[in-house]
Amino acid sequence: MPLRNTDTRWGGVAQTFHWLIAILILAQGAIGLTMVDLGMTPTKVKVFALHKSIGLTVLALALLRLAWRLTQRVPRDPPMPRWQHIAARVSHVLLYVLILALPLSGWLFNSAANFPLEWFGVVHVPSLTQGLDPTLKTWSLRAHVVLFWILIGALTVHVAAALWHHFVRRDDVLLRMLPDEGRKSRTGVLR
Ligand code: HEM
Ligand code: HEM
């Protein structure tokens, strides 16, 4: 599989970013929703630190992914009605915004709450605020939670669309986001 995108498929780099970020985001959702209910123990502190470190990793990966996306050619959409091209474009932009805004809101909340921040205990990450900011703390936490549920909604539509392309329209949209050199195209060439 080529590393770069072609006219008919996503390359290795774009696919790695896509699936790695997808796995990390799902793990983050599960960790985030579980950790807030943990009792005040050293485990809670460790799980919070893990959540923040993975979240910052997602932010860095999302920035790199965006840079790669903006400098690469993009596979052509299969023939479909104009509204579907637009819907795909809008939902993909929304997903990019969310994978950036979600970790940013977490970082902002952490800063406004004046909590320390270290990436996996090795790199000190600076605060985005000048110390404690109670108003910003409230709003950034609300944003963090609301953005998460918007992401879950957008992701549900995204996955449904991918499955619809694969099983109903029977085109290459899902196949071209999956690794497999020898995979046969359903509608044309898939290189
Ligand atoms: C991909 C990125 C992220 C996702 C999907 C995510 C998701 C979540 C979720 C689902 C919760 C539970 C919300 C609730 O029901 O109360 C949560 C809480 C939290 N997140 Fe994140 N998060 C991400 C990144 C970050 C980052 C980068 C930080 C900080 C640097 C962070 C800090 C926090 C904190 C401190 C809480 C607990 C808030 C509280 O005390 O209620 N998150 N996150
Ligand atoms: C948090 C999880 C996910 C996020 C944030 C996400 C985000 C995105 C984004 C932004 C794109 C557009 C690619 C670009 O223009 O650079 C994309 C494409 C794609 N995603 Fe996801 N995705 C996620 C999970 C999934 C899952 C679970 C599936 C499969 C069931 C999936 C299937 C696809 C497919 C098939 C494409 C290619 C669409 C095309 O070729 O036009 N994604 N994804």
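The following exercises, with worked solutions, concern a predicted model.

**Exercise 1. Ligand 1 and its surroundings**

Determine which pocket holds ligand 1, which residues are closest to this ligand, and which helices supply the shell around ligand 1.

Solution. 

Step 1. Identify the neighbours. The ligand is surrounded by 23 residues, of which Gln28, Met35, His51, Leu102 and His144 are the closest.

Step 2. Examine the polar contacts. Here the cut-off for a pair of N or O atoms is 3.5 Å. A polar atom in the side chain of His51 is 2.8 Å from a nitrogen atom of ligand 1. For His144, an N or O atom of the side chain likewise lies 2.8 Å from a nitrogen atom of ligand 1. Both pairs are within the cut-off of 3.5 Å, so they count as polar contacts.

Step 3. Assign the shell to helices. At least two residues of the shell come from each of helix H1 (12–35), helix H2 (42–70), helix H3 (82–112) and helix H4 (134–169).

Step 4. Sort the shell by class. The shell around ligand 1 consists of 15 nonpolar, seven polar and one charged residues.

**Exercise 2. Ligand 2 and its surroundings**

Describe the pocket of ligand 2, the side chains that lie at polar-contact distance from this ligand, and the classes of residue in its shell.

Solution. 

Step 1. Locate the ligand. Ligand 2 is found in the largest pocket.

Step 2. Identify the neighbours. Around ligand 2 there are 19 residues, and the closest are Trp10, His18, Arg69, Tyr96 and His158.

Step 3. List the distances to oxygen atoms of the ligand. For the side chain of Trp10, an N or O atom is 2.8 Å from an oxygen atom of ligand 2. For Arg69, the corresponding distance from a side-chain N or O atom to an oxygen atom of ligand 2 is 2.7 Å. A polar atom in the side chain of Arg176 is 2.9 Å from an oxygen atom of ligand 2.

Step 4. Assign the shell to helices. H1, H2, H3 and H4 each contribute at least two residues to the shell around ligand 2.

Step 5. Sort the shell by class. It comprises 13 nonpolar, three polar and three charged residues.

**Exercise 3. Aromatic pairs**

State how many aromatic pairs the structure holds, and explain why the pair of Phe109 and Phe115 is classed as edge-to-face.

Solution. 

Step 1. Count the pairs. The structure contains three aromatic pairs.

Step 2. Apply the criterion to Phe109 and Phe115. Their ring centres are 6.3 Å apart and their planes meet at 80°; because planes over 60 degrees apart count as edge-to-face, the pair belongs to that class.

Step 3. Compare accessibility. Phe109 is buried, at 18% relative accessibility, whereas Phe115 is partly exposed at 40%. Trp119 is partly exposed at 33%.

Key: Residues numbered from 1 in each chain as written. Chains lettered and ligands numbered in written order. Predicted model: local features only at pLDDT ≥ 70, side-chain atom pairs only at ≥ 80, totals over all residues. Heavy atoms only, no water. Near = heavy atom within 4 Å. Polar contact = N/O pair within 3.5 Å; in protein donor to acceptor, adjacent residues only side chain to side chain. 1 Å grid on protein atoms, 1.4 Å probe; cavity = no way out; pocket = protein on both sides within 12 Å on 5 of 7 lines; lining within 4 Å. Sits in = over half its atoms within 2 Å of the grid points. Helix = DSSP H or I, 4+ residues; strand = E, 2+ residues; numbered from the N terminus. Nonpolar A, V, L, I, M, F, W, Y, C, P; charged D, E, K, R; others polar. Phe/Tyr/Trp six-rings, centres within 6.5 Å; stacked < 30°, edge-to-face > 60°. Buried < 20%, exposed > 50% of the residue type's maximum accessible area, 1.4 Å probe, protein only.
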